Amino acid sequence: MLLRHTPKEISERHALTINPAKTCQPIGAMYAALGINGCMPHSHGSQGCCAYHRSALTRHYKEPISAGTSSFTEGASVFGGQANLLQAIDNIFTIYEPEVVAVHTTCLSETIGDDLPQIIDKATKEGKVPKGKHVLYANTPSYVGSHVTGFSNMVKGMARVAESTGHKNGKVNIIPGWVEPADMEEIKRLAALIGVDIILFPDTSGILNGPLSGEYKMFPEGGVTIAQLRSAGDSIGTLALGEWCSADAARFLDTNNKVPCRVLDIPIGLKATDRFVDALRIIAGVSVPEEVTHERGQLVDMISDMHQYFFQKKVALAGDPDQLIAMVEFLVSIDMWPVHVVTGTPGKAFVARIKELTADLPFEVNVKADQQADMFLLHQWVKNEPVDLLLGNTYLKYISRDEDIPMVRWGFPILDRVGHQYFPTVGYKGALRLLEKILSALLDRKDRDDPEQSFELVM
Amino acid sequence: MISAHDNKAPADLAVIKEQILGKYPPKVARKRAKQILINEALENETPEITANVRTIPGIITMRGCTYAGCKGVIMGPTRDIVNITHGPIGCGFYSWLTRRNQTDASAPDAENYMTYCFSTDMQDKDIIFGGEKKLELAIQEAYDIFHPKGICIFATCPVGLIGDDIHAVALKMKNKLGDCNVFAFSCEGYKGVSQSAGHHIANNQVFRHLVGLNDENKPGEYKINLLGEYNIGGDGFEIDRILKKCGITNIATFSGNSSYDQFASAHTADLNAVMCHRSINYVADMLEVKYGIPWVKINFIGAEATAKSLRKIAKYFDDPILTERVEAVIAEEMPAVAEVANQVRPRTEGKTAMLFVGGSRAHHYQELFKELGMKTISAGYEFAHRDDYEGRHVLPGLKVDADSRNIEEIEVSPDETRYNPRKSEEDMEALVSSGLDFKQYEGMIPDMEKNTVVIDDLNQYEAEKMVELMKPDIFCAGIKEKFSIQKLGIPMKQLHSYDSGGPYAGFRGAVNFYNEIDRLVNSKVWGYLKAPWQENPELSATYVWE
């Protein structure tokens, strides 16, 4: 057994996190920054932070992840990291020539209190930021929230670039949340089908799912441009997908630039996608094209065709709040039973929302969202109340193997399978893919376990 | 005889170096110039390289931090110690199962915590009011759930800044728990200039709190410790297989596939065999001073190197039975190695490699490439020191800078009861005069051919430039470098984690490596980079559909 020391008996913990269902803020900021055109993310902290984030993102995307670090030494930690950041900005623009450098902090630079706007201002005044180039920033203390918070903070950093000219541009801002490059592509495709002109930020499509062609472009085509971000202040509205990842930036644009916003769930599954498409239609004042309705119908068709295999199957989930909310709603909508849900990202609102979504189920769902809401607890819950399926990131494979429960890899990070870069899970098409994956896991298991006399050819 | 080609090459390399430096701001160029060295391999006169110095901010280094070196590299592979990261969640998360060091916990009662990640997950209030109480409680909670024999605490950056006394907490809990050895590591990420400082901090504490605790006489003959072997992809398993076959007893590996008890018994071995000089040579020195165990440098990467290392160990024990057995094992293992080498060599011969990794691998793996008939045209370490490049003779002259001064050096003296010189002075002298080198490592540079480039702390820009200018057939580094190199159409082999491969150590490892390099450099995929219409954009005729 790989997790042989995990006891079934649950003891309350107050200080120890075991097998976390989250990581720290800066990696979220780094991922978000990669969704800006020509952008070099920069980690203002020790070398290790940057090395760890680049490694984790590289393992997940199997793509190059370039990012700078301020390489703090003991001296910098005592006297402040200003000199290091000034030097880093100069070096990055000279050597790598990005359009944008997006700086985020770490627990180290936050603890010593480095003032990013002041240092960036100094860099600009000293001519270290070439004309026409930009430095964005986000404060991402690792001891607050999670990687999700860091993503949200960098997205807000992007929103700070927005300007209001007084002339509306007729566009809709869409903040997609922490989704895969393929999901961002799918959101753009849906918007284009419906006929809405959008500004999507961040947008990692084309950046983190690039081709192999014999050329290496540190800054590939793709990503939201600074011009687009500026123009976001003139948009007619903002759709923020996900309260945890996207709402802060949308509300900032609402308050600062008078761009009204609506916060929706990430369009994972039937109902959330329905609400997303409906919102787009209303904003654009158009009819939903037949093609989109057709895709929806295909999804409903698959749900109906295979409903018997989903029906009352118990699921344990670990992941991030925005994704979990949408996924739990989706599972309930196809009569699957989410029974255990953990996220390390703290939030009472999350727990309330999951309870609300599962209120009609004939049992009370186990849900927790705090420091001790970890995969260790999830495993203990599963030991006490077994499930048919695990949904979450690669780390769940240890529980899957020990308890002999099928799993579907979903979320961040996925370190041992591919596909998430290329095939979306948002939208109707994404929901079809999710169902296909869930079905394959459940039916492969059924095929493995069915006795010979009832082994089925047709399913 | 020097050919015209040889004469020309250094000039080319000088141009390459100049081209690389040309892009840098002047201050950066001056610093990097000292870390990029054209190896002219003059007889016994290797030029000096600057190493183990601060990385330039913003340059996109390959390096990680002290915490990574301490918790990730040294303590990570130890299965039966509960390793608690004291800090915000990230550091613990990223070092959770990501290094591919395998462990054998198949014994029925074996403890294995390597699949777990333990963290105090510090929050803002802990940063403001201090995290000692939370740490204390976390240790108690870990003890109550798991009852391990050891708990280790690892400091992350903010811990040092806010002044949590993790050593005091560890001592308090050790005394309170009674049957659990609790100790801590001040391995904040900002210390030192790379992972190397973390190795040192980890090894010091293992030496101080673990080594020497178990005096029990372990069964077996020809007892050695294997220092600096981390069992990535099962390397340690293959080395153990060979040692066992030779009848050599491995008391403790530092730290691949290790356990608490192995460390505790390390002082009962009679020889220390040092694999990764960088990460652990100081432990070998301390074991010698305190317990009287001599050390030799060995290398199990490469079939020839493995044979040579086994012979070195046999020579030390100076017993015809062992010598005979070692020769028999080498004779038995080599034909299978040679068979694969002969199959593969026609497809690898004459190809070139670049290696930028670690503190010893960039040197050791040149052996394997040599066996494939491949030349290493450029190499460098990520976190090694000058002695790893130039040899230990430079040690007395090494400058101790501000960053190194902060990393503790333990002063050791002979143990009152356990010090026992394994060989008499006369025996040692006789061994030395018969050609056995103790405490000796010549470093990477003397082993490299003329007209090669040695680069310390390579960065993203230099990697790309080197590939563009020198066009190697394969490039070896780590996960962060993997895909930018492969985008260029050059196969890239990870030599930290081996991608998903291994073992590459020992005889079977050599076979695995030959096949892997053959697969990589000869993969069909490199021929698919351009679509037919890109290779042949001109239309040769107009087709008319009728």
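**Close-up views of a predicted two-chain model**

**View 1. Strand E12 of chain B has buried residues on both sides.** In strand E12 (residues 452–455) of chain B, B:Thr452 and B:Val454 point one way while B:Val453 and B:Ile455 point the other way, and all are buried. A residue is buried if 20 or more other C-beta atoms lie within 10 Å of its own, exposed if 12 or fewer and partly exposed in between, with C-beta atoms placed from the backbone. Helices (H or I, at least four residues) and strands (E, at least two) are DSSP runs numbered from the N terminus. The model is predicted, so local features need pLDDT of at least 70 and side-chain atom pairs count only at pLDDT 80 or more, whereas totals for chains, interfaces and linings use all residues. Residues are numbered from 1 along each chain as its sequence is written, and chains are lettered from A and ligands numbered from 1 in the order in which they are written. E12(B) runs antiparallel to strand E1 (residues 36–39) of chain B, to which 4 bridges join it; two strands pair if DSSP finds at least two bridges between them. B:Leu37 has B:Val454 as its bridge partner. Strand E11 (residues 375–380) of chain B runs parallel to E12(B), with 2 bridges, and here B:Ala379 stands opposite B:Val454.

**View 2. Strand E2 of chain B is covered on both faces.** Because 6 of the 6 residues of strand E2 (residues 81–86) of chain B are buried, this strand is largely enclosed by the rest of the structure. One side carries B:Ile81, B:Asn83 and B:Thr85, and the other carries B:Val82, B:Ile84 and B:His86. In a regular strand the side chains alternate between the two faces of the sheet. E2(B) is joined by 6 bridges to the parallel strand E4 (residues 150–155) of chain B, where B:Ile151 is the bridge partner of B:Val82. A further 2 bridges join E2(B) to E3(B), also in parallel, and B:Ile84 is partnered there by B:Phe118. From E2(B) the chain crosses through helix H4 (residues 89–94) of chain B to E3(B) in a right-handed β-α-β crossover (with the strands pointing away from the viewer, the path from the first strand over the helix to the second runs clockwise).

**View 3. Chains A and B meet, and a strand of each pairs across the contact.** The contact takes 66 residues from chain A and 69 residues from chain B, where contact requires C-beta atoms, placed from the backbone, within 7 Å. H4(A) gives the most to the side of chain A that touches chain B, with 10 residues. E1(A) and strand E3 (residues 118–119) of chain B pair in the antiparallel sense over 2 bridges, and A:Thr17 has B:Ser119 as its bridge partner.

**View 4. Helix H14 of chain B is kinked shortly before a proline.** In helix H14 (residues 320–348) of chain B, a kink of about 30° lies at B:Met334, shortly before B:Pro335; the bend is the angle between axes fitted to the seven residues ending at a residue and the seven starting there. Buried residues of H14(B) include B:Leu322, B:Val326, B:Val329, B:Ile330 and B:Glu333. Among the elements covering the buried residues are helix H10 (235–246), helix H13 (303–317) and helix H21 (506–521) of chain B. H14(B) is followed by B:Gly350, whose phi is positive, near 85°.

Conventions:
Contact = placed C-beta atoms within 7 Å.
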